[in-house]
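Please look through the sequence and the model before reading these notes, and keep the viewer open while you go from point to point. The points are meant to be followed one at a time.

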Amino acid sequence: MVLGIESPAVWLAYVLSLASAVLCVVYGIVHWNKGEEPVKKEDVDWAKEEKTEVEDAL
Amino acid sequence: MDLLSIILVIVYLMATGYLGYLGYKQTKTAADYLVAGRSANPIVMALSYGATFISTSAIVGFGGTAASLGMGVLWLTVLNIFVGIFIAFVFLGNPTRRMGHHLDAHTFPELIAKRYDSRLLQVLCALIIFCFMPLYAMAVMVGGAEFMAPIFHISYDSALYIFALIVAAYVIAGGLKGVMLTDAMQGAIMLVGMAILLVATYGRLGGVTEAHAALGALKDQVPGFLKAIGHQGWTAMPKFGFAEPGLAPPGGVAYHMWWILVSTIVMGVGIGVLAQPQLIVRFMTVKSKQSLNRAAAAGGIFILFMTGVAFTVGALSNVYFLQQEEIVCQVVDDAALLDAGADGKGKLALVPANASDEIKARAKRFVAYRLPGASDDSPLNYVLWTDKMEIVQGEGDAPDTLKPRLIAVLRSVGPGTTLQGNTDTLIPAYVRSALPHWFGVVFMLTLLSAAMSTMSSQFHTMGTALGRDVFEQFAHHQHGSKSIHVTRFAIIVGIVVALVLGKYVRGNIIALATAIFMGLCASSFLPMFVFGLFWKRMTKPAAVASLLVGFLTSGFWLLFVNGKTAGGLGLCQAWFGKPNLVPADWSLTWTVVDPIVVALPLSILTAVVVALATKPMDKAYVDYVYGGPKPQA
């Protein structure tokens, strides 16, 4: 019995939900400063079009 | 509504309005950050993504499902976090962003169209989105209305109209633009609301371990109709197996619950979220892989607090309803009769005084009561009578106290539901009954936030699907002003269709409608989306074939095989004179296997086989798709 839950298939789900969240946090912290990329012209062009053509249309 | 509630609602609406105004004045949508070459705060980004991801459907609909099926629904939380956040952010987010920017794609259908150089795919994807997303929007709207109705003592229909009106006003006032601060504020409110709900529930039930143990001890209380399909208690998984071919009930339905829980609820929604067009597009608004890394941390925690809390509290509400619930009220009639028809499967309706003895004999006994403050002409509330129920009559003018002693799903049985209840009403009923009134109002704001952020992105996606992805392709002029009208028209149609569906399809519908939409998206879009991102050998015919196989298999399964949907829609009955096409000598379990179990593998297989069997796409074009220069026409 874990945390008052008898069935392993259910307490495993409870524990894995917490573990998955911890995994996300650990991954996020470990990679906090990784993956920075320079903003390219195509990124800015994309964002400009998103603003003018898509957002303004709404 | 008391003064505190009114103040809370006004402060909330003012804050939403103010942040929306800031958004207009100071350019703060995700695209604005990117134009300025900056990234949004990772917590703001994660909250805003999470608020779009999680809606009233997850909290009210799936929370209610957990009250009925038990804590096994937490496997969906595992998938929500591991697949919906970790895999999505770490593996899919950045390639989507890069490809979207490089190909100048602004919607999911456009991304697919440019990856495969196919307008046909763009139109097909957009039509699927436009036709079926109202189903998901309906689920979100019903979730809000089911909550609002009991909190404000109004009818479900009125709550549905008010909710639709608030959402429409929000959408028209600029909600569609996805102003990040507004979304993030909504996410923050959701986080606070759910955290209070969790702490209050565990506190009320004596602690974490104690609450779970108390829930486990209730396994003898599982109602017959759930036990028959394999329910083994709320802290156990249902019975697993596949019924023998040709076996009739009871043996034929003995494993139904496992397949509903695992194939529809956990897999359908858990995997389906990867192929949600409105979430895929959000990755394109991110500045870099770094932003995604950082947002993954906050996203994991956020989803844990949303679905993890909703499912846990949903299941635990059984302990509260059975052991602790006390309704302070005025008992009007302790022997009201409600009848579910001759076969006992119809919707319960009050038995008139002049009904036949036969009807009176088969009818169920209910207690009718009125809550304090409700006017004499307001509709009565009903609770199923059992011999364990206690009614303590108040002396003189003092109110009575009713202790129903029912588990959650039976507590939801009443006029308009079948004898199997309406699990969509359970989370609202629990919050209203177990927690202070002020929290009911805070929780309503939580749900309103959850609904507004999700629905604005749903309507954004529906609008652009018809305007940009269908109309502009046929009108042969790029980004014209006419397409703006089509986009707006599509949004209005989406809202109206969701509203009409919500009015007529009530009862245990939220989780089902969400699962149908997400399963359909997964089977139709997921293989071509993921292969499109990572596999250069994937071809246009393979994408078209995979889309069609996934979509048509899902459609066929929903219309002619799945007992619930085929029976509910009635097309199979009308065409073939039977509720579904599963042959009599096949296992009855097939009627509860979710379409995704069959359609997704078929769709993946089709994609791989057709891709390998067809000519590779033009190398120059493929190089362009994966970051190279645009080939000369």
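1. The model is a predicted one, which should be kept in mind for each of the points below. With a relative accessible area of 15%, Thr553(B) is buried, because buried means under 20%. Leaving out residues up to four places away in sequence, Thr553(B) touches Leu548(B), Val598(B), Ala599(B) and Leu602(B). Gly502(B), by contrast, is 51 residues from Thr553(B) along the chain, and the C-alpha atoms of the two are separated by 26 Å.

2. Ala545(B) is also found in helix 21 of chain B. Which residues does Ala545(B) touch, not counting those up to four places away in sequence? They are Thr606(B) and Val610(B). Ser603(B) lies 58 residues from Ala545(B) in sequence, while the distance between them in space, C-alpha to C-alpha, is 8.0 Å.

3. Helix 21 of chain B, which covers residues 540-561, packs with helix 7 of chain B, which covers residues 119-151; their axes come within 10 Å and cross at roughly 20°. Angles under 35 degrees count as roughly parallel, and helix 7 and helix 21 of chain B are therefore roughly parallel to each other. Their crossing is left-handed. On the side of helix 7 of chain B the contact is made by Leu120(B), Leu121(B), Leu124(B), Cys125(B), Ile128(B) and Phe132(B), and on the side of helix 21 of chain B by Ala543(B), Val544(B), Leu547(B), Leu548(B) and Phe551(B). Sorted by class, this contact of helix 7 with helix 21 of chain B has eleven nonpolar residues, with no polar and no charged ones.

4. Helix 7 of chain B also packs with helix 8 of chain B, residues 156-172, at an angle of about 125° and with the axes 8 Å apart. Helix 7 and helix 8 of chain B are therefore oblique to each other, and their crossing is right-handed. The residues that make the contact include Val140(B), Met141(B), Gly144(B) and Glu146(B) of helix 7 of chain B, together with, among others, Tyr156(B), Leu160(B) and Phe163(B) of helix 8 of chain B. By class, the contact of helix 7 with helix 8 of chain B has 13 nonpolar, one polar and one charged residues.

5. How do helix 7 and helix 17 of chain B lie, and what angle do their axes make where they cross? The axes of helix 7 and helix 17 (residues 426-434) of chain B come within 8 Å and cross at roughly 30°, so the two helices are roughly parallel to each other. This crossing of helix 7 and helix 17 of chain B is right-handed. The contact is made by Glu146(B), Phe147(B), Pro150(B) and Ile151(B) of helix 7 of chain B and by Pro428(B), Val431(B) and Arg432(B) of helix 17 of chain B. These residues divide into five nonpolar, no polar and two charged.

6. Thr96(B) is found in helix 5 of chain B, residues 74-103. Is Thr96(B) buried or exposed? At 0% relative accessibility, Thr96(B) counts as buried. Leaving aside neighbours within four places in sequence, Thr96(B) is in contact with Leu111(B), Ile280(B), Phe283(B), Met284(B), Phe529(B) and Leu533(B).

7. Aromatic pairs deserve a point of their own, and the count over all chains comes to 29. In one of them, the rings of Trp575(B) and Phe576(B) have their centres 6.5 Å apart and their planes at 75°, so the pair is edge-to-face. Trp575(B), at 59% relative accessibility, counts as exposed, whereas Phe576(B), at 45%, counts as partly exposed. Ring pairs also link Phe240(B), Phe242(B), Trp258(B), Trp259(B), Trp557(B), Trp586(B) and Trp590(B) into a cluster.

8. Some backbone details remain to be checked. The peptide bond from Pro249(B) to Pro250(B) is cis, with omega near 10°, and Pro250(B) is found in the loop between helix 11 and helix 12 of chain B. Asp104(B), although not a glycine, has a positive phi of about 55°; its place is in the loop between helix 5 and helix 6 of chain B.

Note on methods
Residues numbered from 1 in each chain as written. Chains lettered and ligands numbered in written order. Predicted model: local features only at pLDDT ≥ 70, side-chain atom pairs only at ≥ 80, totals over all residues. Heavy atoms only, no water. Axes fitted to C-alpha atoms, helices over the stretch in contact; angles between N-to-C directions. Helix = DSSP H or I, 4+ residues; strand = E, 2+ residues; numbered from the N terminus. Parallel < 35°, antiparallel > 145°, perpendicular 65-115°, else oblique. Left-handed = near helix turned anticlockwise from the far one by under 90°. Contact = heavy atoms within 4.5 Å. Nonpolar A, V, L, I, M, F, W, Y, C, P; charged D, E, K, R; others polar. Phe/Tyr/Trp six-rings, centres within 6.5 Å; stacked < 30°, edge-to-face > 60°. Buried < 20%, exposed > 50% of the residue type's maximum accessible area, 1.4 Å probe, protein only.
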